[in-house]
Amino acid sequence: MSQAPLVQPVYKRPPLIARTIRAIRRYWPLYLMIVPGLIFFLVYKYAPFYGLQIAFKKFSVRKGIAESPWYNPWYYWFARFWKSSTSWQIVSNTLILSLSKLLVGMVPPLLFALAINECAFKRYARVIQTVSYLPHFLSWIIVFGIATTMLNEGSGVINRMIKSFGGTPIPFLTSNKYARGVLVGTDLWHSIGWSSIVYLAAIMGIDTSMYEAATIDGCGRFRQIWYITLPNLGRIFVVLLITKVGNILDGGFNQVYVFMNDRIRPTTEIIDTWVYTQGIGKMQYELATAVGLMKSVISAIMVLGTNALARKWDSALW
Amino acid sequence: MVRSRNDTIFEWICTIFIGLIGLICLVPILYVVSYSLTPMSEMLKNGGFVLIPKQITMAAYKEVVRDPNMINALKVNVFVTVVGTLCNLVVTMMLAYPLSRSDLPGRSGFIRIIVFTMILSAGTIPTFLVVKATGLVDSLWSLIIPSLVTVYNFIVMKAFFEGLPTDLFESARIDGAGEFRILFQIVFPLSLPIITTVGLYYAVAHWNTYTAAIYYIQSTEKMPLQVILRRMINQASSNEVSADDVIPPETLRMAAVCFATAPVVIIYPFIQKYFVKGTLAGAVKG
């Protein structure tokens, strides 16, 4: 009978440099392939972090980033932003807009997916599905063009209808009263079909034997949805909701910038559009960088937090 | 299966509901298309609302094509979409294939470097300064290089490559094929569905490019379609329809909108399934 050795033979990992040399010798073509993509990430995604220092500097284009003097106090640009009268407005605009898009945009795609799944005419349902994805592929400029055609005060279809019934035209696109509603509505139009794909896929994944059992027990269609389909979609719904909450500081630059005009600026100026106008438009690089930095940091914390939360939900509940 | 009356009613409600959503999605688009094609006389007769025109005129389109800015913008768009998508695909593939190989030392470190950029970004102004420092401002390459790889597309592609049978690579290597040959002669043909999907994602993004253009492009002759279009829409809005104009600005605007979207809408029905496949791949993995 052989005895187990008291001391296990120790495998000594070769030092890092030796390992690296060996890896490169063996895998050099693979590393070579990574190079262009890696350079891209280093230059256009990591090098900008170096430029963040201008948020604490008095930046002059002539002197460059490194040579420009530090500002005293270091928080000058941050303080200037929070002291200005517009800061709270753009922060609250961003939050209001994102939250309304989130609240309005979560349930309709779910209902749409349920109805598509319940519809008995499969061909018809498939055609509707295809049509509903189409808006997702139109750029926001095109959507704006279509929205102008529909909602314009002078010649828009809806206002012509209102006028023909004897009402007064409504300035949907130029009034602060309707601006947010238009943004939320067009966002829903743009995304309803596309967002339903995830739910449809989840519905397809539900075990059909549950429905069979329910039918034998005498469950109608509506009850099957209520007791089988919806609980099964709960998980993906919560995960999507949490992910969206993580991106709440975005608000959708493209859409908002395209729809914006000076009259509706007070209710629709969001952080990203403000950064663009101040930074690129007015060349206030330091101020715009400072605000962008605050947004990035808070966003990163929220994304990490909500991701952790989503993972917890994912394992804790199901 | 026996169906109760309630179930039938319920099915009809669903059918009508999705029909309504389909109409809401389609009618505005259809209206813009037919407006651009309908002669003014017919438009005025119907009080400005025509969904399917009896007569068709291409006059507005001829006018749009005559605009030198529009033609320039179209050229910019074709260049950026074709060259940009090719660059995107080659670089994304060459990044995704090595990092899909579980035997590659340092793999997780590289992946972490890439995914990190999804969580924290330096913001638009520092990025603008880098684009400026690399000499891309006011060059068409500024619409291509700063968005060379999208992390999402990288993840989708890497996930697909990870699912390929590794024995194939092994036997190719024994037969003396180098890694580049394996990538382009074995992995590439096997991955055509995912490459098409990711390529289409990139292509649509390039065709619709707007944000990068307003940040980086200054001269009018280098502006892509969406920027020119946005200007046109703003100029033409708030004009009342009148019979005096040969082609009213409203019609022109809609012709321009259709002109710029036509490529996407025409190929859309054929490529739609690829897009859906792509979202699902992302949803399952992400």
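User: Into which domains is chain B divided?
Analyst: This is a predicted model. Chain B has a division into two stretches, 1–57 and 59–236. These are domain 1 (1–57) and domain 2 (59–236).

User: Which residues have the most contacts inside the largest nonpolar core?
Analyst: The largest nonpolar core holds 126 residues. Domain 1 (1–57) and domain 2 (59–236) of chain B each give this core at least three residues. The residues with the most contacts inside the core are B:I18 and B:L229.

User: How are α4(A) and α8(A) oriented to each other: oblique or roughly parallel?
Analyst: Helix α4 (residues 87–118) and helix α8 (residues 179–204) of chain A pack with their axes 6 Å apart. The angle is about 40°. Angles under 35 degrees would count as roughly parallel, and 65 to 115 as roughly perpendicular. The two helices are therefore oblique.

User: How do the residues of the contact of α4(A) with α8(A) divide?
Analyst: The crossing of α4(A) and α8(A) is right-handed. Its contact residues fall into three groups. They are 16 nonpolar, 6 polar and 3 charged.

User: Is α8(A) oblique or roughly antiparallel to α10(A)?
Analyst: The axes of α8(A) and helix α10 (residues 221–246) of chain A come within 10 Å. They cross at roughly 140°. Roughly antiparallel needs an angle over 145 degrees. So α8(A) is oblique to α10(A).

User: Where is A:P73, and is the peptide bond from A:N72 to A:P73 cis or trans?
Analyst: A:P73 sits in the loop between α2 (64–67) and α3 (76–83) of chain A. Omega of the bond from A:N72 to A:P73 is near -5°. The bond is cis.

User: Is A:M283 buried or exposed?
Analyst: A:M283 lies in the loop between α13 (271–281) and α14 (285–317) of chain A. Its phi is near 60°, a positive value in a residue other than glycine. A:M283 has 10 other C-beta atoms within 10 Å, and 12 or fewer counts as exposed. So A:M283 is exposed.

User: What is phi of B:D138 near?
Analyst: B:D138 is in the loop between α6 (124–133) and α7 (151–162) of chain B. With 12 C-beta neighbours inside 10 Å, B:D138 counts as exposed. B:D138 is not glycine, yet its phi is positive, near 65°.

Methods
Residues are numbered from 1 along each chain as its sequence is written. Chains are lettered from A and ligands numbered from 1 in the order in which they are written. This is a predicted model: local features need pLDDT of at least 70, side-chain atom pairs count only at pLDDT 80 or more; totals for chains, interfaces and linings use all residues. Axes are lines fitted to C-alpha atoms, for helices over the stretch in contact, and angles run from 0 to 180 degrees between N-to-C directions. Helices (H or I, at least four residues) and strands (E, at least two) are DSSP runs, numbered from the N terminus. A crossing is left-handed if the near helix is turned anticlockwise from the far one by less than a right angle, and right-handed if clockwise. Ala, Val, Leu, Ile, Met, Phe, Trp, Tyr, Cys and Pro count as nonpolar, Asp, Glu, Lys and Arg as charged, and the others, Gly among them, as polar. A nonpolar core is a set of buried Ala, Val, Leu, Ile, Met, Phe, Trp, Tyr and Cys residues joined through C-beta atoms within 7 Å. A residue is buried if 20 or more other C-beta atoms lie within 10 Å of its own, exposed if 12 or fewer, and partly exposed in between; C-beta atoms are placed from the backbone. Domain bounds come from an automatic or database domain assignment.
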